[in-house]
Amino acid sequence: MTSAASSATSTAPNDPAIRRFLRATEVDTRMLGMIGALALIWVGFNVYTQIQTGESLFLTPRNLWNLTVQTSSIAIMATGMVLVIVMRHIDLSVGSIIGFVSTIVGVTQVYLLPNYLGLDNPAIWILSVVIALAIGAAIGALNGALVAYVGIPAFIVTLGAQLFWRGAAWWVMTGQTIAPLDGRFALIGGGPRGSIGATWSWALAAVACVGIVLALYAGRQRRARFRFPQRPVWAEYLIGAVGCFVVLGATAIVNAYPWPERVAADYAQTNHIPVPEGGLFISTGYAIPVLIMLVVGFLMTFLARRTRFGRYVYATGGNPEAAELAGVNTKHITVLVFALMGLLAGVAACIDSARLDSATNALGQFDELYVIAAAVIGGTSLAGGVGTIYGAIIGAFVIQSLQSGMVLLGFDAAFQQMVVGVVLVGAVGIDTFYRRRTAKG
Amino acid sequence: MDANPQTPLVEMKDISLAFGGLKAVDDASIDLFPGEVVGLLGHNGAGKSCLIKVLSGAYKRDSGHIYINGQEATINNPRDAKQYGIETVYQALALADNVDAASNLYLGRELRTRWGTLDDASMEAEARKVMGRLNPNFRRFKEPVIALSGGQRQSVAIARAIHFNARILIMDEPTAALGPAETAQVGELIKQLKAEGIGIFLISHDIHDVFDLADRVTVMKNGQIVGSGRVQDMTKDEVLGMIILGKCPPGAIPGPGAMAS
């Protein structure tokens, strides 16, 4: 008896050293798991390309920079989809909203506004973005109103919206493509000129590091004020150090990616800069769509965790009846969540059409599936009530990494889809298993 | 009741509520005085929960009047009811399982900082205070309430009801999901609240519970009031007779649902 008891107590402090570490740092283990999976995918592809082609193609500044740009539009929409799914709804219409909003952007920029403002007026692109966001939000709000007030299931409403707005996009464009768009607008899409360069990237990184330190300090102060348990000091330092390391590392990587030679040479010629031996090295820095993604991620996290609206979204998802009885206007919240989703689809539409520098009615096809997949891989439960914004962004990176890696390896498009499908089902399977085990333990 | 000179805290008069052709509540009247516990008894489907949900704003009545402290009250939704100090502990607990105790406690009435953001720290601090009063063993403030035991969840639900200066508390089967020790705890709590002058409607189909805790009982059958009376004027058998047969004993005042004798 005594030996069993003593062995139990002696293993207790030994065995969960990792658990004690996790408790001290208060890190979400699910997030660690997702980041681990992402790292595995990256390293795996890197090794694979090395074996196949003799050089590492995946973990290069160029590929990682491209990856961030390609992920931004799906990631932005996934942050909204998290809230939709947390509310126990679904939005199948986001891809079609992109298509429709994109056509509106093209038409307003090229056909409508120049008539009133004159060609090359800087107000054109700003107005067209405002119109795009407003239309996106309005379509979302209409979806939400049909779900909340008419009581049609979200699946049906947004399935109908998917068909309707894709058709509307074709009807506006009659199948044509409008290109090129406004030159300033195209910067939203990224590319060498749509990036902020080395100096500004480092400046932003510095601001972010200061922000991390201040946030940790403020959190500690707040806990002290209410006499809540504190994290150990070493854990605070560790979190701060890891956070700053990630920010500075990412900045170093995007700054290590130079402008393509031809673009740089062009730039040198127009600005009369002598081109040195071996070509001009101009750092690309963070691309504008990536910055938009970071800002959206930050704002959405704030909205979800620190505002009454976010609290109501999660409470309604957990128990709609209880939220209603507690005095939450769940219908109003539903409309707002769908409107927010539409707004974010509008943002994604601007990024996508700017990136292609054209407007077409086919833009964003099947995006809804990738967006939902990103949210679900990121830990959002279709049963409602559970999901995080950062998880969805990591989920978007997982999907995009898989696709980008398979493109690098020259996999068939058909095969790519098959892999993404398997990963989606596999990720949710592992997650379900994990949840069941933690629920028991 | 006629002998009581006070104005009743709540008086519901001639309340009717129908779902389609089904009359869930038929011309029911009931009242409640400060510091009093009124047990509302009846079979499943007798209409007791429906009657009380009219008071808590979850259902909208078809006809009838509600008076709070003698003044006619307008109650169309749960928010209106809360304005009058009417709080409810629902049968199904009505907690959002995925958020923590403090968030549930303040759901719909969140504390906010100067900038309009959620003040989670203040809410948690307040939650620690209230729960310290109700259930000193409660420690798990950071976890979603789904991880808590039935009794702990019940104390969160009750804390939510009394924290906001409730004057009228409705408890719909408060002990249905609980074990014996936890049931005793809820009983203690009801006595404590009563001493503070709060009026309590206790809905139950457990007649023993009601006899232990209530001052008066009102019995419903088929949506109608069979009768009501003071606990000391009736026996448990007589009350059972009211519930099952609708037979009003001499110690009670008969209502419209009483069997013609």
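## Domains of chain A

The centres of domain 1 and domain 2 of chain A, taken over C-alpha atoms, are 25 Å apart. Domain 1 of chain A covers 29–43 + 57–195 + 287–440, and domain 2 covers 196–286. These bounds come from an automatic or database domain assignment.

Across the boundary, nine residues of domain 1 of chain A are in contact with twelve residues of domain 2 of chain A. Contact here means that C-beta atoms, placed from the backbone, lie within 7 Å. On the domain 1 side, helix H4 (61–86) and helix H11 (288–306) of chain A each supply at least two residues. H4(A) gives the largest share, four residues. Helices (H or I, at least four residues) are DSSP runs, numbered from the N terminus. By class, this side of domain 1 has seven nonpolar residues, one polar and one charged. Nonpolar covers Ala, Val, Leu, Ile, Met, Phe, Trp, Tyr, Cys and Pro; charged covers Asp, Glu, Lys and Arg; the others, Gly among them, count as polar.

## Model and confidence

This is a predicted model, in which local features need pLDDT of at least 70, side-chain atom pairs count only at pLDDT 80 or more, and totals for chains, interfaces and linings use all residues. Residues are numbered from 1 along each chain as its sequence is written, while chains are lettered from A and ligands numbered from 1 in the order in which they are written.

The model scores ipTM 0.77 and pTM 0.86. Chain B averages a pLDDT of 85, and 96% of its residues score at least 70. pLDDT is the predictor's confidence in each residue, from 0 to 100. Where pLDDT is low, the predicted coordinates should not be read in detail.

## Interface between chains A and B

Chain A places 20 residues in contact with 20 residues of chain B. On the chain A side, the elements giving two or more residues are helix H12 (308–318) and helix H13 (320–325). H12(A) gives the most, with six residues. The chain A side divides into nine nonpolar, six polar and five charged residues.

## Packing of H5 and H15

In chain A, the axes of helix H5 (residues 94–117) and helix H15 (residues 367–377) come within 6 Å and cross at roughly 130 degrees. H5(A) is therefore oblique to H15(A). Axes are lines fitted to C-alpha atoms, for helices over the stretch in contact, and angles run from 0 to 180 degrees between N-to-C directions. Angles under 35 degrees count as roughly parallel, over 145 as roughly antiparallel, 65 to 115 as roughly perpendicular and the rest as oblique.

Val94(A), Gly95(A) and Ile98(A) in H5(A) meet Asp367(A), Glu368(A) and Val371(A) in H15(A). This contact has three nonpolar, one polar and two charged residues.

Notes:
Two residues are in contact if their C-beta atoms, placed from the backbone, lie within 7 Å.
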